[in-house]
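Work through the exercises below with the sequence and the model open beside you. Try each task before reading its solution.

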Amino acid sequence: MNLDTREPMFDTLGVLETAALLRELTAGLIAVDDFDEALARLVRVARDAVPRIDCCGFTALRAGEPAGVAASDAGRAELDDLRHGPDTPAMTAIQRREMITAPDLERDARWPAWAGRARRLGVRGVISAPVDVDEQVIGAINLYADSADALTTRHQLTAMLLAEHAGLLLAAVRDRQRQAARADQLDSSLLGEGVVGQAVGVIMTQRGCPAPEALEVLRTAASALDIPLREVAERLVLTVSRPRDN
């Protein structure tokens, strides 16, 4: 990793500020189960919490899907978007699996087309750090500064820690997203079953609630009675189908 260590470590690490950033990031993403929403929160938190960073972006590569992008500043989102060309700091970081720094784009000959767009948008320096999410998703978090040489060793260390922490949090988001998708499929399957579907219909009629809420009522009853969901449904359907005594 090309980390510049010429500056004194104790002067630039910013331990407390970095810890606060990671804590805020965890709080913002811990309950999210949508990957794109998580990326949007990630770049906003990073922009607001890292000193002298004017905007933050994320470039995501997902297997079988178009490249994704999130940006704290919509006007600069093209800098993270690979549809404008793959020759970018983010792509270099992803391909080389190491942090890429360019403290002064005026003096940097890499990515000439991208750097020209960046300068026109007021960006003078960038740090891109690779982020490993899971076997299907990799990416890079990009920190931008609007003045040359504003990015220091402290920013490099922060980017490194941020990328590592973000990878873990985003992997958890992906897990929750998959679990939610499996739960939706299971719910659809259950609602399609005869007796469970009938029981759900009964609860919907009695309570005036939608099907997912009715199914959750059945699940809660099954858990409380410690019996299978199907048995609860059968009991309910049997109860309402019995003729009432006059």
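**Exercise 1: the sheet**

In β2, A60 finds its bridge partner in G68, where strands (E, at least two residues) and helices (H or I, at least four) are DSSP runs numbered from the N terminus. The model is a predicted one, in which local features need pLDDT of at least 70 and side-chain atom pairs count only at pLDDT 80 or more, while totals for chains, interfaces and linings use all residues. Residues are numbered from 1 along each chain as its sequence is written, and side-chain values use heavy atoms, with hydrogens and water left out.

Solution. Begin with β1 and β2, which run antiparallel and are joined by four bridges; two strands pair if DSSP finds at least two bridges between them. Next, β1 and β5 pair in the antiparallel sense over eight bridges, with L61 standing opposite I138 in β5. Then β4 and β5 pair, again in the antiparallel sense, over eight bridges; here G125 stands opposite A145 in β5, and a hairpin joins β4 to β5 through four residues.

**Exercise 2: a helix and its surroundings**

Task: decide which residues of α4 are buried and which elements they pack against.

Solution. Take buried as under 20% relative accessible area, exposed as over 50%, and partly exposed as in between (1.4 Å probe, protein chains only). By that rule helix α4 (residues 89-96) is mostly covered, with six of its eight residues buried, namely P89, A90, M91, T92, A93 and I94. Now look for contacts, that is, heavy atoms within 4.5 Å: the buried residues of α4 pack against β1 (55-62), β3 (100-102), α5 (112-120), β4 (125-132) and β5 (137-145). Of these elements, β5 is itself mostly covered, since eight of its nine residues are buried. Just after α4, R97 takes a positive phi of about 55°.

**Exercise 3: aromatic rings**

Task: classify the ring pair of W111 and W114.

Solution. A pair of aromatic rings is described by the distance of the centres and the angle of the planes. Rings of Phe, Tyr and Trp (its six-membered ring) pair if their centres lie within 6.5 Å, and planes under 30 degrees apart count as stacked, over 60 as edge-to-face and the rest as tilted. By this rule the count comes to two aromatic pairs. The centres of the W111 and W114 rings are 6.1 Å apart and their planes stand at 80°, so the pair is edge-to-face. W111 counts as buried because its relative accessibility is 3%, and W114 counts as buried because its value is 1%. Ring pairs link W111, W114 and Y144 into a cluster.

**Exercise 4: the nonpolar cores**

Solution. A nonpolar core is a set of buried Ala, Val, Leu, Ile, Met, Phe, Trp, Tyr and Cys residues joined through side-chain atoms within 4.5 Å. The largest has 36 residues, and those with the most contacts inside it are L25, L39, L42, F58, I141, L162 and L170. Leaving aside neighbours within four places in sequence, L42 is in contact with L25, L29, F58, I141, L162, A166 and L170. A second, separate core of 17 residues includes V202, L218, L229 and L236.
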